Amino acid sequence: MEFQIKERYNFEDLLQVMRILRSENGCMWDRAQDHHSIRRAFIEETYEVCEAIDNEDVQLLKEELGDVLFQVIFHARIEEEQGHFNMDDVADGICKKMIYRHPHVFKGLTVDSTDEILDNWDDLKKAEKHQESVTDTLNSVARSLPALIRAEKVQHKAAKAGFAWPDVSGALGKVEEELDEVKRALNGDGNVQEELGDLLFTVVNLARFTDTDPESALNDTSEKFIRRFSHVEQGAITQGKQISDLTLQELIQLWDEGKQHEES
């Protein structure tokens, strides 16, 4: 299978690269892959796109989008070899879906707000997916999503159906209730994992009431923890010690110093 080396390539060239890699004379590793073996790579590449977005790194975003696109083409090529569908079928399907779900753009439907657009989207999706009950919509949320994102999406769909506290005080009270349940479980009265799950779920609901993305909030806190931990470790090094050489009280003191420095 011939391939022309160029100064600049396009989408058709990328399809050709994949065909060559999967061909008999292509790459042994690429030929050996299936959907399951490259599933994790798809997830990792998607997160790398997100990191490029978070860092506002345009050049990295271009690169990482290419990696995701390669994964899409990889999966489509596997199915094309089985005679099921090809990349054109994928494009056809998504075009038809977008046209169907944007009647205000393609079919002359009048809308007055983005909220109305989103409501129409949900209604059209339910009809398209034959979701006849609210439970059907909850079950449609992908179980492979990160747990915080999945919980938020499930709660959002339930809330749209009317299953929600009228204000944030109800959500906050539920967090306090579930925290008490965790305390009782830690004392031997209940399942700790189950109660911790309930607590996390209610915290996600509280985040929803405050228009806070729980995934972003937790990631921000992880970054903050790393920064403050770095101060603790540097403080130990300054004393000629390892972290393990310090008492908990000494570590807490260094932590508080790092926190005060950051806040100032």
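Helices here are DSSP runs of at least four residues, numbered from the N terminus, and the exercises below apply them to a predicted model.

**Exercise 1. Find the helix that holds Glu79, and work out whether this residue has a charged partner or a polar one.**

Step 1. Glu79 belongs to helix H4, which covers residues 58-81.

Step 2. Although Glu79 is buried, no salt bridge is formed by its side chain, and the nearest side chain of opposite charge, that of Arg22, is 8.7 Å away. A salt bridge requires a side-chain nitrogen of Lys or Arg within 4 Å of a carboxyl oxygen of Asp or Glu.

**Exercise 2. Describe the salt bridge between Glu80 and Arg77, and place it in its network.**

Step 1. The side chains of Glu80 and Arg77 meet with an N to O distance of 3.3 Å.

Step 2. Both residues lie in helix H4, and because they are three residues apart there, about one helical turn separates them.

Step 3. Glu80 is partly exposed, at 32% relative accessibility, whereas Arg77, at 17%, counts as buried, the cut-off for buried being under 20%.

Step 4. The pair is part of a network of salt bridges that links Arg22, Arg77, Glu80 and Glu81.

**Exercise 3. Compare the surroundings of the two partners in the salt bridges Arg228 with Glu262 and Asp13 with Lys6.**

Step 1. In the salt bridge between Arg228 and Glu262, the closest N and O atoms are 3.6 Å apart. This pair links distant parts of the chain, with Arg228 in helix H12 and Glu262 in helix H13 (residues 248-263), 34 residues apart.

Step 2. Arg228 is buried, with a relative accessible area of 9%, while Glu262 is partly exposed at 32%.

Step 3. For Asp13 and Lys6 the closest N and O atoms are 3.1 Å apart; Asp13 is buried at 10% relative accessibility, and Lys6 is partly exposed at 33%.

**Exercise 4. Identify the residues of the negative surface patch and the helix that gives its largest share.**

Step 1. The patch gathers Glu48, Glu51, Asp54, Glu56, Glu63, Asp220 and Glu223.

Step 2. Helix H3 (39-54) and helix H12 (214-238) each supply at least two of its residues, and the largest share, three residues, comes from H3.

Step 3. Glu48, which is found in helix H3, is partly exposed at 34% relative accessibility, and patch residues must have over 30% relative accessible area.

Methods:
Residues are numbered from 1 along each chain as its sequence is written. This is a predicted model: local features need pLDDT of at least 70, side-chain atom pairs count only at pLDDT 80 or more; totals for chains, interfaces and linings use all residues. Side-chain values use heavy atoms; hydrogens and water are left out. Patches are made of residues with over 30% relative accessible area and no salt bridge: like charges are joined within 9 Å, nonpolar side chains (Val, Leu, Ile, Met, Phe, Trp, Tyr) within 5 Å. Accessible areas come from the Shrake-Rupley method with a 1.4 Å probe; for residues, only the protein chains shown count as cover. Lys and Arg count as positive and Asp and Glu as negative; His and the chain ends are not counted. The place of a charge is taken as NZ of Lys, CZ of Arg, CG of Asp or CD of Glu. Buried means under 20% relative accessible area, exposed over 50%, partly exposed in between (1.4 Å probe, protein chains only). A polar contact is a pair of N or O atoms within 3.5 Å; within protein, one must be able to donate a hydrogen and the other to accept it, and residues adjacent in sequence count only if both atoms are side-chain atoms.
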